[in-house]
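Please look at the picture first, and then read the points below beside it.

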Amino acid sequence: MFTKIMVPVDLAHVDKLTRALDAAADLALHYRASVTYVGVTAETPGSLGHNPHEYAERLAQFAQDQGKRHGFAVETRAVVSHDPAVDLEKSLAKAVKEAGADLVVMATHVPNVADHFWPSHGGKLASHTDASVFLVRG
């Protein structure tokens, strides 16, 4: 049913991604699908790297750890954005297309009042790509 799963990750909040990461791994093993972990970063130095190359290395290490833990091969895609907070949905939609993903598994939060005014990242992604989007509440 699914052949390529994309998992957006925020390396600054990995502790809140456990359920989504486990769901993605379970689906990947069940469908024998490949997994691409995607992270969006800025060009400027940050807590996760002094530059996009360092960020990409951290993302690759995270993905390799996930692959070893669950027993499958992984890919990574570090997307560089001028302003990740503003460009997140656009950057992820582009990554879905470039990766050829047919399923996106991503963490989400319990809806609150703000969600009535601003759509969720997952909702926007579902409406702007051909991939199925599976939102996993932490």
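**Helices and sheet in a predicted model**

In this predicted model, helix H1 (residues 18–31) and helix H2 (residues 52–70) have axes that come within 11 Å and cross at roughly 55°. Because of that angle, H1 counts as oblique to H2, and the crossing in which H1 passes H2 is right-handed.

**Where the two helices touch**

- On the H1 side the contact is made by Leu-21, Asp-22, Ala-25 and Leu-29, while on the H2 side it is made by Phe-62, Gln-66, Arg-69 and His-70.

- Strands of a sheet pair through backbone hydrogen bonds, either parallel or antiparallel.
- Here 5 strands form an open sheet with parallel pairing, and their order is S3-S2-S1-S4-S5.
- The edges are formed by strand S3 (74–81) and strand S5 (132–137), each of which pairs on one side only.
- From one strand to the next, the twist averages 25°.
- Strand S2 (residues 34–42) pairs with S3 in the parallel sense over 8 bridges, and Tyr-37 stands opposite Thr-76 in S3.

**How the helices lie on the sheet**

- Helix H1 lies across strand S1 (4–8), S2, strand S4 (103–108) and S5, and it runs at about 160° to S4.
- Helix H2, in turn, lies across S2 and S3, and its direction is at about 155° to S3.

Terms used: Residues are numbered from 1 along each chain as its sequence is written. This is a predicted model: local features need pLDDT of at least 70, side-chain atom pairs count only at pLDDT 80 or more; totals for chains, interfaces and linings use all residues. Side-chain values use heavy atoms; hydrogens and water are left out. Axes are lines fitted to C-alpha atoms, for helices over the stretch in contact, and angles run from 0 to 180 degrees between N-to-C directions. Helices (H or I, at least four residues) and strands (E, at least two) are DSSP runs, numbered from the N terminus. Angles under 35 degrees count as roughly parallel, over 145 as roughly antiparallel, 65 to 115 as roughly perpendicular and the rest as oblique. A crossing is left-handed if the near helix is turned anticlockwise from the far one by less than a right angle, and right-handed if clockwise. Contact means heavy atoms within 4.5 Å. Two strands pair if DSSP finds at least two bridges between them.
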